[in-house]
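Hi,

Here is the structure I promised to pass on. Have a look at it first, then read my notes below.

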Amino acid sequence: MRTETPQPIRLSDYTPPSHLIDSVHLTFDLQPSTTRVKAVLAMRRNGDGDILVLDGEGLKTLSVAIDGRVLAEGDYEVAAETLTLTGLPERFTLETEVEIDPAGNSALMGLYMSGGRFCTQCEAEGFRRITWFLDRPDVLAVYTVRIEADAGFHHLLANGNLVDSGPLDGGRHFAVWEDPFRKPCYLFALVAGELDVLEGDFTTMTGRRIALKVFVDPGMAARAEYALDSLKRAMRWDEEVFGREYDLDLFMIVAVRDFNFGAMENKGLNIFNSSLLLADSATATDMDYERIESVVAHEYFHNWTGDRITCRDWFQLCLKEGLTVFRDQEFSADMRGAAVQRIKDVKALRARQFSEDAGPLAHPVRPSSYLKIDNFYTATIYEKGSEVIRMLKALLGDEGFKAGMDLYFGRHDGEATTVEAFIRCFADATGADLDAFFGWYEQAGTPKVTISRRYDAGSGKLELNLRQATAPTPGQPTKTALPLPVAVGLLDEDGKVQSETRIIVLDGAETTVTIEGVSRPPVLSALRGFSAPVTLETDAPAEHDYVLLASDPDLFNRWESGQRLASRLILDRAAGKADDAGELRFAQALGRALDDQAADDAFKALLLALPSEQDLAMAMKPADPAAIHASRSALRGVLAGTLEDRLQRLHDALIHAGDFSADAAAAGRRALRNAALDLLTARPSEAVIERARRHYGAADNMTDAIGGLTALIALGGEAAETALAAFHARWKHEPLVIDKWFAAQARDGSDAALGRVMGLTTHPDFDARNPNRLRALVGTFASFNPARFHDPDGSGYRFLADWIIATDKVNPMTAARFVEPLGGWRRYREDLGSLMREQLQRIAAVEGLSKNVFELATKALA
């Protein structure tokens, strides 16, 4: 058992730093196990106190000096995670030298080694693993960094501009970098190693030429071309849409294999998980291309929303992340199509954030306390944070939103600021009262909006009554109604438009509005474009969903109506009330949607995908994963049987023999073809197996190869095992592709799934110390194979708990992210929930458990 309970850090306890740092000079003598770091800090008091407490972890202190005077050990105090100095003058220079072990740093925070290269990850609290420092985001300084290393580490990179470099004695060399912009230490970056570089340039809107460099593993430069192209498009888009121009003369990106995050926005030197940077048609799927485009843009956009303007404290994390997610989603919508992108974004929000809001790990967009800030890089901070910005724009309008953003950039450039200051910019720019809106940052939970209708044909008036309510969440038993925009439109029963989209602001618990001039019985299209992050319930009959599915000009709601129809059918069957006629009608309606020549292929592919088992579990109380899986599989079978001819024709007609393109149209074509094959596998036959085998064998790109492999795994048998063996034999030297091989098997829906996954943990290619590989196998099984993870014997829960406990010893951050699948235990059948709770109790009782895992496990049990 733990002998002490970690104490939370609270927003209400925030105090400014005791000291500020004007400049930082760092010298790195890089050695794999004995790197020495000299830090020279120009410091000054930020108040009356003369006591300085610095943060540090895993540092071997070699020397400490004040204004050139070396201190004896008795002149300062070193504890487990702090260095304390007293009696300091108002201004002084602090010099420290420490020794660290990058090669032994399995947590992948601070300075560590990946693939024989040195690299860093300092957000949120990794810089304290490099040197003694005030490791908090409201301490901003200019940095000069000197790196010395063996000549074999060819590239020596840090933030800013290269100002000097050259050879040293003993086969070593050096480089000096200066970053003229003040930044917090979490944005510090260093990379040293043998790398290939892909170079380009970009001319800004004021005519400045920016050098662009993407550093990758030797031989991989060609695979960075799409990332470089995405970067250029993001730079241009940010100028055109937000008026933001890049500020340095050089922008660099480095790809590394071992990385806890997707990517990191270090000023001028972004570091990326290689899975989000490297792509070609043979090794990357269309989803990889989309994610690369999105994440490259996201990290670049941070240059202004995160770097130039940063967070005062970590409670303000949503200030940079929610805003930047909104920006990258808008960019992706412009690149890939607004409707399709919106559907994908909402699917991700519901899958990750709605379940978070509905469980014991629910927290506000701006949390009020934490044990480890690492645990709050969540869907609530990112995706719900983005939705809050989207609502703000909907409420203020395009011009009001732009005025607020321009004021924010102008007023707070170069500062570490707060969410209050951000919202104040919009209030000041528009005169709007946003006090109530701020509640979106302080209140957890997903509001439920209920709409009831009353139509008077004689007067042509439609009365809409809107109500909202939010269920209690941990620590917040009482909820406040929040202002939210509900976008509505009207059709008639023949699918003709009666009323264009309008915004109804539901700014209290209830409101009633009247729409006049409604000449025919209306069909309500509500929450168009998913205008607020809520769940919606109306008194409209199912018949209206068929009208919307066929005719709604709002493509998000057209897709949404299909999801509602499918959900009802699946949940009714799971409850023992199967509607065979309704299932056939739904299949026929989908068939007509597939025949719509005006709809693009990517949209049709989304229509064919039924609600996920995870989403269905959120709607079923208590959730029964086995019943959901069986009912969803049954509806898939009905669709496959009813639409078999159409699906076969689509699959045959969408073969493309030309050159590969990653553009949205080509990706949509592949998505629809693979969706057709996936649905056909719901009615296994020798003909379907042969079709899947031909699909896999003929694949000339990774999207189709994975589509074929996944179909064969779903069908099972010798054909699947043959394809898996052939895939591994071909790609065994490509780590990112083998991640896909592990992940595909982790989704195996057969009864043998867990046995397969457990066997793969002993495979020679399974490296549990690599976060990508661990997520591909263990994370995919726990999060994306619910029917097998929730096996009634609890073996899936025990498997996950074993890996959480083992991983926590080497990488607490990665281990903590595996707790969430167990955290929703209250939503499931009592027998399943009890087994999940037992494993959480087992995890929480482990001696020496990290703060990361302890916090999430104990919250899940509370």
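Which residue in E31 is the bridge partner of Ile451? It is Thr538.

Before the rest, some ground rules. This is a predicted model, where local features need pLDDT of at least 70, side-chain atom pairs count only at pLDDT 80 or more, and totals for chains, interfaces and linings use all residues. Residues are numbered from 1 along each chain as its sequence is written, and side-chain values use heavy atoms, leaving out hydrogens and water.

Now the sheet. Strands of a sheet pair through backbone hydrogen bonds, either parallel or antiparallel. Here, four strands make an open sheet with mixed pairing, in the order E29-E26-E25-E31. (Strands are DSSP runs of E with at least two residues, helices are runs of H or I with at least four, and both are numbered from the N terminus; two strands pair if DSSP finds at least two bridges between them.) Strand E29 (510-515) and strand E31 (535-538) sit at the edges, each pairing on one side only. Strand E25 (residues 448-456) runs parallel to E31, and four bridges join them.

On to the holes: the whole structure has four cavities of 30 Å³ or more. A cavity is a set of points on a 1 Å grid over the protein atoms alone where a 1.4 Å probe fits but cannot get out, and lining residues have an atom within 4 Å of a point. The volume is the space filled by probe spheres set on the points, which are joined across faces, edges and corners. The largest cavity holds about 50 Å³, and its lining includes Ser355, Pro360 and Arg827. Helix H4 (338-357) and helix H25 (820-823) each give two or more residues to that lining.

Cheers

Note on methods
On a 1 Å grid over the protein atoms alone, a cavity is a set of points where a 1.4 Å probe fits but cannot get out, and a pocket is an open set with protein on both sides within 12 Å along at least five of seven lines; lining residues have an atom within 4 Å of a point.
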